[in-house]
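Open the model in your viewer and keep the selection tool ready. The stops below go one selection at a time.

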Amino acid sequence: MADLTSDFIGIRSPNPFWLASAPPTDKAYNVERAYQAGWGGVVWKTLGSDGPPVVNVNGPRYGAIWGADRRLLGLNNIELITDRPLQVNLDEIKMVKRKWRDRALVISLMVPCDEESWKDILHRIADTEADGVELNFGCPHGMAERGMGSAVGQVPEYIEMVTRWVKKHSRMPCIVKLTPNVTNILGPAGAAKKGGADAVSLINTINSITSVNLDSFSPEPMIDGKGTHGGYCGPAVKPIAMNMVAEIARNRDTAGLPISGIGGVTTWRDAAEFMALGAGNVQVCTAAMTYGFKVVQEMISGLSQYLDEKGMALSDLIGRATPNVTDWQYLNLNYVTKARIDAEACIKCGRCYAACEDTSHQAIAMKPGRVFEVMDDECVACNLCVDVCPVENCITMVELPKGAVDPRTGKTVGDYANWTTHPNNPSVAAAE
Amino acid sequence: MSNQTLMPGIAAHRLPAEVVAENFAHYMPAYDRHEARVAADRCYFCHDAPCMTACPTAIDIPLFIRQIATGTPEAAARTILSQNILGGMCARVCPTETLCEEVCVREVAEGKPVEIGRLQRYATDTLMEKGVHPFTRAAATGKRVAVVGAGPAGLACAHRLALHGHEVTVFERRPKAGGLNEFGIAAYKSTDDFAAREVAWLLQIGGITIETGRELGRDFSLASLEADHDAVFLGIGLAGVNALGVPGEDLAGVRNAVDFIAELRQAADKSALPVGRDVVVIGGGMTAVDAAVQSKLLGAQSVTMVYRRGKEHMSASLYEQDHATASGVTILYGAAPVRIIGQGAVEAVEFIRDGESFTLRADQVFKAIGQTLVGEPIARDGKKLVRRAGKVWAGGDCAAGGEDLTVTAVAQGRDAAEEIHATLMA
């Protein structure tokens with residue numbers, strides 16, 4: 001069994017799987033059960049300022065989209081930060097941390113955007129012995145209307161300012177949680193770094209309406225005939241989250257800034273992918289909310305098996321794929337592949353044919369007996385047939401070796417060459 | 001009442017009425033909404049789908065399954081019924097394991113097809129339970145068409161003709177419409193009087209009059225029908241039953257399986273139907289399976305189906321054979337009857353297999369070696385009627401080209417109606 005012990009900005013945990021700040025981490029009862037199940041750490045559900053707690057709606061808080069067999073693919077929520085009294089949370093955090101020394105316990109915070117508020121909350125949590133703080137600059141609903149959450153996260157100057165206050169008034173490690181509801185994640189990430197953040201975590205949830213009730217004509221989740229955008233999460237958001245993680249990991253100004261990866265992590269494989277793109281650990285919420293805390297056990301065994309099979313340590317995995325994330329302009333235009341259909345594996349559904357014939361390049365022939373064959377002289381290697389095929393590995397993309405002739409273009413496959421040197425690139429011509 | 005399965009002879013009430021009722025009630029339970037969604041999700045929405053090609057009525061199966069998957073079973077039903085107006089019954093009785101489901105790509109890939117038949121039932125039941133008839137009759141054309149036989153072929157033909165605005169009279173020799181759907185399908189496959197409900201639902205199209213108790217050749221002639229109508233459709237089925245042609249066939253206790261099946265369908269209390277203790281069914285088709293399985297459901301002690309050829313030749317599918325054996329029926333292959341033995345009533349049947357003879361004890365014997373066409377109203381094509389002769393069309397079991405399945409009868413009735421319509425409107 002590979003050693004999964006994780007050290008993220010000095011916070012140690014027996015594995016890199018943390019529960020994200022969310023309903024699963026809103027009280028001692030849940031957090032202790034999560035630890036018992038094997039979670040390496042938790043980010044305690046966001047605390048606000050002292051005083052009367054926020055209130056939540058009393059109707060549905062969640063909306064969802066489903067795949068086959070009602071498998072939950074995406075979840076959104078309109079729940080706010082903790083609605084429990086601050087002191088209750090602080091007492092429980094302190095009790096839990098004393099009991100579970102080997103697990104990570106980070107406190108998520110969200111208070112109004114003034115130095116006094118931040119100074120006050122940091123002072124109040126100081127003796128909980130928590131391992132760090134996470135600044136919630138991400139929540140896109142409710143709190144944002146009050147100038148907090150994503151309202152801060154969408155303004156890099158605010159992120160930098162608040163982060164600076166936090167570093168000034170606390171010695172705890174500071175993670176800045178970013179909202180994806182921005183045009184470019186590098187601005188907020190760079191601001192966090194400038195403000196002195198020890199790490200960023202991302203993504204928080206995405207502005208979303210999951211569905212519309214076609215009888216009452218209200219968005220879901222519906223509260224008395226009305227709905228509001230909620231924060232979207234779950235497996236469906238993983239690609240968006242991974243891109244943002246990779247952007248931060250590979251950008252010159254933000255590279256090296258530790259990242260806690262969040263967004264649809266459901267299996268060990270998802271976690272490994274986030275970490276390969278540069279995340280030092282991952283945070284999970286929807287998978288736990290869908291299947292319960294036990295899912296972490298598959299994540300632990302799966303990641304461990306994978307690392308053993310690869311002969312890698314956990315630290316070897318982190319950022320391993322980052323150098324391979326590049327800009328389109330640097331992609332090798334002389335990398336030529338063709339789709340190949342394995343006739344043995346083919347179940348003759350014809351989806352590849354329908355997809356290619358109707359929506360791509362008419363490069364698949366349907367022959368008698370429902371035999372499907374790729375026409376190399378038409379195949380542009382778009383991969384759509386692979387993506388729509390219900391049988392894994394039935395259709396694969398086969399690389400043409402250097403020196404081979406591409407029957408579609410009649411050109412010989414040559415050495416690496418990209419758009420920056422391509423004759424059709426106007427900026428190449430302009431430079432001449 | 002005690003268990004009387006061991007009482008010799010042919011006796012009623014071998015099992016308590018509630019046990020028999022239960023035996024006949026739960027053959028293939030209907031999907032609930034969630035089950036239907038899950039089953040529908042398995043469909044790959046194939047291009048030029050093999051299931052659709054395999055369906056004699058060419059129902060657009062991927063489309064109707066997608067309509068179920070997206071929460072519109074009523075639209076799915078319309079897709080089904082536009083091709084097959086008896087899609088509800090076909091969902092219950094089609095040998096899907098040798099048609100659509102046999103060629104389902106998931107059957108090929110995993111040995112577990114999308115359950116097309118059950119999905120079809122879910123869709124059609126949903127619509128019919130709402131009492132909705134999704135088609136509207138075209139303006140009256142003034143053309144009159146006679147349909148002989150209110151079975152699947154005749155009903156499908158009548159419905160399609162009425163849809164096009166023609167005035168249709170259906171002549172049925174039995175006291176009830178439905179044909180084999182009403183009298184020939186195993187009772188456990190068509191529960192809750194489904195066949196009759198389906199006919200009533202079908203007639204909502206309007207423009208169809210059914211005259212029961214009226215038989216061709218007895219109450220009217222083909223010539224008189226031709227004289228009074230613009231076209232005639234014959235869907236008269238196969239009213240005759242093949243004889244075994246062995247000594248003892250006339251002994252008491254020897255009867256046609258189709259009559260037993262029909263009686264069971266019409267019986268209000270099935271347990272009151274007498275059945276033998278030791279039953280022998282001779283034949284290898286669906287009729288034989290239905291007679292054998294239902295004998296078992298009624299409480300027969302031993303039921304043996306004997307077929308003269310091998311397992312692979314049996315016209316009952318492997319699925320049906322498995323269903324029979326799972327119901328407690330023994331199937332013997334490669335054995336032909338030599339004689340039926342008994343003093344006044346059957347006591348045993350002698351068979352020959354591989355040159356050796358053996359005897360099976362029997363107090364009841366069902367003959368199920370095929371039905372035949374009775375009468376010759378129009379020219380024949382082999383053993384069956386030609387599909388068209390002048391202004392007379394034929395379809396269903398009586399006509400050439402089908403496989404003696406409900407679904408092929410529907411297809412032929414429907415297609416004949418389209419031809420008649422095209423001819424009358426030309």
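Which residues does Asn84(B) touch, not counting residues up to four places away in sequence? Select Asn84(B) and look around: the contacts are Thr57(B), Ile59(B), Cys90(B), Val407(B) and Val410(B). Bear in mind that this is a predicted model.

**Stop 1: the loop at Asn84(B)**

Asn84(B) sits in the loop between helix 5 and helix 6 of chain B. Its relative accessibility is 0%, so Asn84(B) counts as buried. Now show the backbone of Leu86(B). The backbone nitrogen of Leu86(B) is 2.9 Å from a polar atom of the Asn84(B) side chain.

**Stop 2: domains 1 and 2 of chain B**

Colour chain B by domain. Domain 1 covers 33-129, domain 2 covers 144-239 + 373-425, and domain 3 covers 244-369. Select domains 1 and 2 of chain B. Their C-alpha centres lie 26 Å apart. Domain 1 of chain B brings 20 residues to the contact, and domain 2 of chain B brings 22 residues.

The area buried between these two domains of chain B is about 1800 Å², with 75% from carbon and sulfur atoms. On the domain 1 side, pick Ile85(B), Leu86(B) and Met89(B). These residues lose the most area to domain 2 of chain B, together 37% of what that side buries.

Next, highlight helix 5 (73-83), helix 6 (87-93) and helix 9 (116-129) of chain B. Each gives two or more residues to the side of domain 1 that touches domain 2. Helix 6 of chain B supplies the largest share, six residues. By class, that side of domain 1 of chain B has 12 nonpolar, six polar and two charged residues.

**Stop 3: between the chains**

Show both chains. The contact uses 13 residues from chain A and 12 residues from chain B. Chain A and chain B bury about 990 Å² between them, 63% of it from carbon and sulfur atoms. Select Asp69(A), Ile347(A) and Arg370(A). They supply 44% of the area that chain A buries against chain B, more than any other three residues.

This interface of chain A and chain B has zero salt bridges and four residue pairs in polar contact. Helix 12 (residues 351-359) of chain A gives the largest share of the chain A side, three residues. That side of chain A has seven nonpolar, two polar and four charged residues.

**Stop 4: salt bridges**

The whole structure holds 45 salt bridges over all chains. Visit these examples.

- Select Glu160(A) and Arg164(A). Their closest N and O atoms are 2.5 Å apart. Both residues lie in helix 5 (residues 156-169) of chain A, four residues apart, about one turn of the helix.
- Select Asp376(A) and Arg340(A), which meet in a salt bridge at 2.9 Å, N to O. Asp376(A) is in the loop between strand 19 (371-374) and helix 13 (384-388) of chain A, and Arg340(A) is in strand 17 (residues 337-341) of chain A, so the pair ties together parts 36 residues apart in sequence.
- Select Glu418(B) and Arg160(B), a salt bridge at 2.6 Å, N to O. Glu418(B) belongs to helix 17 (residues 406-425) of chain B and Arg160(B) to helix 10 (residues 152-163) of chain B, so this pair ties together parts 258 residues apart in sequence. Glu418(B) is partly exposed at 27% relative accessibility, whereas Arg160(B) is buried at 15%.
- Finish with Lys45(A), Arg61(A) and Glu79(A), linked in a network of salt bridges.

Notes
Residues are numbered from 1 along each chain as its sequence is written. Chains are lettered from A and ligands numbered from 1 in the order in which they are written. This is a predicted model: local features need pLDDT of at least 70, side-chain atom pairs count only at pLDDT 80 or more; totals for chains, interfaces and linings use all residues. Side-chain values use heavy atoms; hydrogens and water are left out. Domain bounds come from an automatic or database domain assignment. Contact means heavy atoms within 4.5 Å. Buried area is the accessible area (1.4 Å probe) that two parts lose on being put together, summed over both. Ala, Val, Leu, Ile, Met, Phe, Trp, Tyr, Cys and Pro count as nonpolar, Asp, Glu, Lys and Arg as charged, and the others, Gly among them, as polar. A salt bridge is a side-chain nitrogen of Lys or Arg within 4 Å of a carboxyl oxygen of Asp or Glu. A polar contact is a pair of N or O atoms within 3.5 Å; within protein, one must be able to donate a hydrogen and the other to accept it, and residues adjacent in sequence count only if both atoms are side-chain atoms. Buried means under 20% relative accessible area, exposed over 50%, partly exposed in between (1.4 Å probe, protein chains only).
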